[in-house]
Amino acid sequence: MTISEFVGCACIAYGPLLAMFVFTIMQDPIRIIILIAAAFFWLVSLLLSSVFWFILPLKNTLIFGVVMSVLFQEFFRYLIYRLLRKAEAGLKKVSVPDTNIEITNNKHVLAYVAGLGFGTMSGAFALVNVLADISGPATMGLKGSSSLFTIISAVLTSCFVLLHTFWGVIFFNAIDTHNHMQLAWVVGSHLLVSSVTLFNSRMLYFSSVIPAITVLVCSAYMAFMICGGSCRKCKVVCGRGGGGAQGDVTPSPSNSAT
């Protein structure tokens, strides 16, 4: 039973991440490097926020730690944005062997890969300890505890992986186009979703899952529109069925939404 629970929660949490990595990242070494760099930036943000949480007198207040962590993550998202924009000129000269696909054909690709790097490291830290505990010999739900803890943790982990990916696209576009509303959405929704996870300590799991999924859907729609998506294009893609060409899986270039 514990192994089944472990595998199920791992697939829920990391299944979308693995699929995105395999189909959009794995075949391009430049994207892999950018993803690792973004994951490292997230890791440094966690380290610095932990240091501030430790030295400041409010470390016993959980909400303070949540806010500090979110602000540091968004600051380092801006740093990776600046780094990638400065390196963009050099990246344009780099093509992938055997595919001849330039990494900067679409400016949203860098944002997507950087966001996925943030989500990868965030997901790893969010659930790895839980997975280690549920692998055996006991299982959740004993002694009056809720058996929903592990499944909710897996769902929230998957949400944060996807959210960081969408937030990356929205954040980069917001800086490029000076769209303060999109920038406020990224920071505000990140604070909201991170804060509602505090309800889990009181076993109010649906109070955290429902807002997280709602923000996920809204962020996915915003990122989709920013990348030039439309209902007409979705119908065209769906109409092709399984016979479509297996080309580059990144969004096609278009004007950014404002």
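Q: What should I know about the numbering and the cut-offs on pLDDT?
A: Residues are numbered from 1 along each chain as its sequence is written, and side-chain values use heavy atoms, with hydrogens and water left out. Because the model is predicted, local features need pLDDT of at least 70 and side-chain atom pairs count only at pLDDT 80 or more, while totals for chains, interfaces and linings use all residues.

Q: How many disulfides does the structure hold?
A: The structure holds 0 disulfides, a disulfide being a pair of cysteine sulfur atoms within 2.5 Å. For C11, the nearest cysteine sulfur belongs to C9 and is 9.4 Å away.

Q: And C159, buried or exposed?
A: C159 counts as buried because its relative accessibility is 5%, where buried means under 20% relative accessible area, exposed over 50% and partly exposed in between, with a 1.4 Å probe and protein chains only.

Q: Switching topic, which residues touch the most other members of the largest nonpolar core?
A: They are I80 and F172, in a core of 58 residues; such a core is a set of buried Ala, Val, Leu, Ile, Met, Phe, Trp, Tyr and Cys residues joined through side-chain atoms within 4.5 Å.

Q: Which helix gives the largest share?
A: That is α5, with 14 residues, helices being DSSP runs of H or I with at least four residues, numbered from the N terminus.

Q: How do α5 and α6 run relative to each other?
A: Their angle is roughly 155 degrees, taken from 0 to 180 degrees between N-to-C directions of axes fitted to C-alpha atoms over the stretch in contact (heavy atoms within 4.5 Å). The two helices are therefore roughly antiparallel, a label for angles over 145 degrees.

Note on methods
Angles under 35 degrees count as roughly parallel, over 145 as roughly antiparallel, 65 to 115 as roughly perpendicular and the rest as oblique.
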